[in-house]
Amino acid sequence: FGRIGVFSPSFWFSDEVYKRAEHFTNKKNFKMQIVAGEKEDENLENEILKMNQLLKLNNFSGKMLKVEIIADGNHSEWFWRREFPKVIQWLLN
């Protein structure tokens, strides 16, 4: 995969995801955007920031990785539907 839009991720599900991120190498033409809402799980923001740091340590730049935690967002279809066009546009640019 070269373009990934991640909405309300459940990184908490397994620590394995962090282990894999530690070894994930920078790919040519790769882009990923992570989007979540502040009104989701109370630990989600910390989990996303942890993943962001791991990927940055593997040389993922701002051109390849974008993280947004949006104030009014929650774990719901209306939120994902609203954010989806912006995410797709950023991934394809």
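Okay, let's start with a question: which residues does F11 touch, not counting residues up to four places away in sequence? F11 touches V17, Y18, I34, E47, I48 and M51, where a contact means heavy atoms within 4.5 Å.

Before going on, a word on what we're looking at. This is a predicted model, so I'm using local features only at pLDDT of at least 70 and side-chain atom pairs only at pLDDT 80 or more, while totals for chains, interfaces and linings use all residues. Residues are numbered from 1 along each chain as its sequence is written, and side-chain values use heavy atoms, with hydrogens and water left out.

On confidence: pLDDT is the predictor's confidence in each residue, from 0 to 100. The protein chain averages 90, and 99% of the residues score at least 70. By elements I mean DSSP runs numbered from the N terminus: helices (H or I, at least four residues) and strands (E, at least two).

Back to F11, then. In the largest nonpolar core, which has 16 residues, F11 is among those touching the most other members, along with M32, I34, I48, M51, L55 and F60. A nonpolar core here is a set of buried Ala, Val, Leu, Ile, Met, Phe, Trp, Tyr and Cys residues joined through side-chain atoms within 4.5 Å. Buried is under 20% relative accessible area, exposed is over 50%, and partly exposed is in between (1.4 Å probe, protein chains only). Two or more residues each come from α1 (16-23), β2 (31-37) and α2 (44-57), with α2 giving the largest share, 5 residues. There's also a second, separate core of 6 residues, including V35, F79, V87 and L91.

I69 itself counts as partly exposed, at 24% relative accessibility.

Now the salt bridges. The cut-off is a side-chain nitrogen of Lys or Arg within 4 Å of a carboxyl oxygen of Asp or Glu, and the whole structure has 4 of them. R82 pairs with D72 at 2.7 Å, N to O. R82 is in helix α3 and D72 in the loop between β3 and α3, so this pair ties together parts 10 residues apart in sequence. R82 also meets E83, at 2.7 Å, and E83 bridges to K86, with the closest N and O atoms 3.0 Å apart. E83 and K86 are 3 residues apart in α3, so about one helical turn separates them. Shared partners join D72, R82, E83 and K86 into one network. Buried or exposed, what is E83? E83 is buried, with a relative accessible area of 2%, while K86 is partly exposed at 46%.

Last, two backbone spots to look at. S8, in the loop between β1 (3-7) and α1, has a positive phi near 45° without being a glycine. N59, in the loop between α2 and β3 (65-70), isn't a glycine either, and its phi is about 70°. S8 is buried at 8% relative accessible area, whereas N59 is exposed at 59%.
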